[in-house]
Amino acid sequence: MPHVTFIEYNGSRHTVEATPGQSLMRAAVAHSVPGIDAECGGACACATCHVYVADNWQALVGEAQGNEREMLDFANEVRRNSRLACQITVAAEMDGLTVHMPQSQS
Amino acid sequence: MHPSHEHVVIIGAGHAGGALAGYLRQYGFGGAITLLGAEATPPYQRPPLSKAWLKDSADADSLLLKPPHWYPDNGIALRLECSVEQIDAGAKKLVLACGEAIPYTQLVFATGAAARRLAIAGAELQGVVCLRDLTDAAQIKAQLRGARRLAIIGGGYIGLEVAATARHFGADVVVLERESRLLSRSASAPVAARLRGLHAAQGVAFRLDADITAIEGAAGRVTGLRLADGSREACDMVLVGIGARPNGALAQALGISAEAGIVVDAEGRTSLADVWAIGDVTRRPLAHFPGLFRLESVPSALEQARRVACVLAGRELPAHELPWFWSDQYATKLQIAGMTGLSDSTVLRGDPLGQRFTVFHLRAGVLCAAECVNNPGEFLAAKKAIAAQVRPDANRLADAAVPLAQALAGAPRDTLVPAL
């Protein structure tokens, strides 16, 4: 199973085991990672699972598109490597993936 | 960390109750937590029950807020399939239906709401269903596959979402609504018209101003609906989606005001010391709007859960949040920020017949709500502008050529309007 690391704004690290096929948001919520609120449960409706994908993982994880892109255009603290974790599907090759979180969600 | 002699007992293991248990531990609450649920399933997401889950694209495990082992791992006593018989607020203990007594130091009602039933003949026939929990949804999912014609009583969000799913399975669908238009209390006319057109294009039939007098059946199974004008709608399945009533009886028995929902303050306190309430069962104040509101909404329940958890864990309270709602029907996404019911004027931005548009709502010139159809970016922008109580220029707001960020950049209300 791939392990992924969420790093809070204050630097706290949370490494959790994810299941290929589940969303990165589900992996965070299942382990109570603080800072991933995920209010809409993965419907791409709220932008409360905003993360920054580390540089060396961007090619594999890919860029935001469609609704996700539009949400991110108006979310807080958006950067070029912003993604919504509910729209990232965990794959076996993502073992070691690291994402940072913004100071606040949405 | 909070003194560990505390014992928080949460009645109701739905989204609100489950989230509260999680936030308490996340915020460092060190006391005991007991979470009492009537259903057989650990806390789960309800919104997908009428959307993705019903269409089979989400399995039961994916609905769970936390995996089952998370509760014992975090010292939370999750008790499923149990109901509370009575509460002794003086002695601070409650008694379960099985006779077991549980003492508490803090009690939280997260009892939710129950589907409103139709008080007409035939409501008990086989094939007549409502949608509130996983058991209901599983039953609907199983029946939809064989259904030929589904009649949906109530043109609200649950009814319309199920209509979309039923069409996905190929069943004929008729929606019967008592009012003269859909979503009369929860959406503006352009949004309601858009959703109606969307469903009509998918073959859903509508009967508005429909006064249903009886559900008819044969051999114990539903066969049709009888209307006051003498007409009949044939169907082999009926979904009753006419709203919900708060489950406030236990609280009322304690003398807490709970007739149209348990009345709470901004931190979830009821009128009784050490007794709290969160979620669909509550009537709550909102930071940006006058009055008390009973919101059936996950974001509202989560905000209340966070605030109660903050108080009980001795943590600083976060800023107040703005209510918001969403609905997915076919490929159309509706997101609503703020409270549409309070508006005195609306501003349409975009073409209501086109792919996307937004209806902004103003109250005395101040932005109070926005309904966004396939417009997720405008939704987030509006959410912030409503919270900031801006007074936008209506002409600029209506002009899609003016970038929204500029159109919403009216001055905050406080800088323009002197205090009364």
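Helix α8 of chain B is mostly covered, in that 14 of its 16 residues are buried, where buried means that 20 or more other C-beta atoms lie within 10 Å of a residue's own, exposed that 12 or fewer do, and partly exposed that the count falls in between, with C-beta atoms placed from the backbone. The model is predicted, so that local features need pLDDT of at least 70 and side-chain atom pairs count only at pLDDT 80 or more, whereas totals for chains, interfaces and linings use all residues. Residues are numbered from 1 along each chain as its sequence is written, while chains are lettered from A and ligands numbered from 1 in the order in which they are written.

**Helix α8 and its end**

- Helix α8 of chain B covers residues 298-313, and its end C-alpha atoms lie 22 Å apart, in agreement with the 22 Å that its 16 residues should span at 1.5 Å a residue; the expected span is 1.5 Å times one less than the number of residues.
- After α8(B) comes B:G314, which has a positive phi, near 70 degrees.

- Most residues other than glycine have a negative phi.
- B:E81, in the loop between β3 (76-79) and β4 (84-88) of chain B, has a positive phi near 50 degrees, and B:E81 is exposed, with 11 other C-beta atoms within 10 Å.
- B:L183, in the loop between β11 (172-176) and α6 (189-201) of chain B, likewise has a positive phi near 50 degrees, but B:L183 is buried, with 23 other C-beta atoms within 10 Å.

**Chain B as a whole**

- Chain B contains 12 helices and 26 strands, these being DSSP runs numbered from the N terminus, of H or I with at least four residues for helices and of E with at least two for strands.
- The domain assignment, which is automatic or taken from a database, gives domain 1 (7-54 + 64-114 + 245-313), domain 2 (117-242) and domain 3 (331-416) in chain B.
- The centres of domain 1 and domain 3 of chain B, taken over C-alpha atoms, are separated by 33 Å.
- Along the principal axes, the C-alpha atoms of chain B fill a box of roughly 70 × 60 × 35 Å.
- Of the 420 residues of chain B, 47% count as buried.
- Among contacts in chain B between residues at least 6 apart in sequence, 61% join residues at least 24 apart, a contact requiring C-beta atoms, placed from the backbone, within 7 Å.

Definitions and conventions: Contact = placed C-beta atoms within 7 Å.
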